[in-house]
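Student: I am new to this structure. Please take me through the packing inside it, and begin with a close look at one pair of side chains.

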Amino acid sequence: MTETLKQIVLAERPAGFPTDANFRLEEQPLPTPGEGEVLVAVKYMSLDPYMRGRMDDGPSYAAPVPVGGRMEAGAVGEVIASNHPKFAVGDHAFGMFGWTTHGVMSGDMLRKVNPDQAPIQTSLGVLGMPGFTAWAGMTAYSKMKAGETLVVGAATGPVGSMVGQLAKQAGLRVIGVAGGEEKCKMAIETFGFDACIDHRGKDAKAMREALKAECPDGIDIYFENVGGPTLGGVIPLLNLHARVIVCGMIAWYSGESDETGSMPLQKLWRHALVKRLTIQGLLQTDHVSRFGEFLKEVGPKVAAGEIAYVEDVAEGVENAPEAFMGLLKGKNLGKLVVKVG
């Protein structure tokens, strides 16, 4: 067994879009699990847009990563030492180990993963936090009804693709927004969307015209993952009593300018009043008590092929920064994970 671990730490806080200088690869002695703890050799770790916010030292819903601290991430791997009764050597476990090759954590903070039910990396995507986020938002807040129209940004990502498939199964018309012809084709052919709009090169006005063509009866539900011109295009098309579920704003995570175009706050607020909109923020941490219900409902659908998923796999923890920066620019195709071991 290797005697060291490799990890990526936050070298310095980014000023705008992250660069290589913001990350540092370190090597440390392999930790020994204490009482009630488990040592895991990480096989796969997740890369997600929310991690960009953790790099900043500002008020948010979670504490930032300290300078010099390990970058945060959910990861899944094999137990190689255990002092916890629920985990034996050879078991697989999910935990918030971070950008690392190995992690030690209390067994009470880990979730056992059964590799016979689904590939273990699905615990990072379709059967993990992203899939659960989509399911929680749709079941708790969407009030979706057959015949309605839903629009979702970042449509081929792990959240957006789950949102769209759940809506289609409920009888809605589903319109995706994605970056590039390949992703739009995937939204339709792999995930079953009715249509998908390529946002690249479009300002808010162009997005509004493209969305209007695909949503002739307006928009009843907007699942917000992106912000930017997509949001500016959606708002004027929202129907009476439309629901907006705010999950992410990737277009603005690195301090980019407001690109909603002709949608100043005054106009947005008037739309909210006149259309009697419901605008609901979504954090999956508010719904963790329902995770078992999610797995019970969605797990069999994934196993039966009724819920599709696509993974984009990078190799090696040392390549996580480059893959993460690509994610923020939309270069990934599907759920981005890093194969560590």
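Tutor: Start with Cys 184. Its sulfur lies 3.3 Å from the closest cysteine sulfur, that of Cys 196, which is too far for a bond. A disulfide here is a pair of cysteine sulfur atoms within 2.5 Å. Seen from Cys 196, the closest cysteine sulfur is the one in Cys 184, again at 3.3 Å and too far. By this rule the count of disulfides is zero.

A word on the source. This is a predicted model, with residues numbered from 1 along each chain as its sequence is written. Local features need pLDDT of at least 70 and side-chain atom pairs count only at pLDDT 80 or more, while totals for chains, interfaces and linings use all residues; side-chain values use heavy atoms, with hydrogens and water left out.

Are these two cysteines buried or exposed? Cys 184 is buried, at 7% relative accessibility. Cys 196 is buried too, at 15%. Buried means under 20% relative accessible area, exposed over 50%, and partly exposed in between (1.4 Å probe, protein chains only).

The largest nonpolar core has 34 residues. Such a core is a set of buried Ala, Val, Leu, Ile, Met, Phe, Trp, Tyr and Cys residues joined through side-chain atoms within 4.5 Å. Leu 150, Val 163 and Phe 223 have the most contacts inside it. At least two residues each come from helix 2, strand 8, helix 3, strand 9 (173-178), helix 4 (181-189), strand 11 (219-224) and helix 8 (291-303). Helices (H or I, at least four residues) and strands (E, at least two) are DSSP runs, numbered from the N terminus.

Take Val 163. Leaving aside neighbours within four places in sequence, Val 163 is in contact with Ala 134, Met 138, Leu 150, Val 152 and Phe 223. Contact means heavy atoms within 4.5 Å. A second, separate core has 32 residues, including Ile 8 and Val 317.

Gln 165 is in helix 3 (residues 158-169). This glutamine is buried, at 6% relative accessibility. Beyond four places in sequence, Gln 165 is in contact with Phe 191, Phe 193, Glu 306, Ile 307 and Ala 308.

Next, the rings. The whole structure holds eight aromatic pairs. Rings of Phe, Tyr and Trp (its six-membered ring) pair if their centres lie within 6.5 Å; planes under 30 degrees apart are stacked, over 60 edge-to-face, and the rest tilted. Phe 132 and Trp 135 are stacked, 6.1 Å centre to centre with 25° between the planes. They are three residues apart in helix 2, so about one helical turn separates them. Both Phe 132 and Trp 135 are buried. Trp 135 also pairs with Phe 294: the centres are 5.8 Å apart and the planes meet at 55°, so this pair is tilted. Trp 135 is in helix 2 and Phe 294 in helix 8, so the pair ties together parts 159 residues apart in sequence. Trp 135 has a relative accessible area of 0%, and Phe 294 also has 0%. Ring pairs join Phe 132, Trp 135, Phe 291 and Phe 294 into a cluster.
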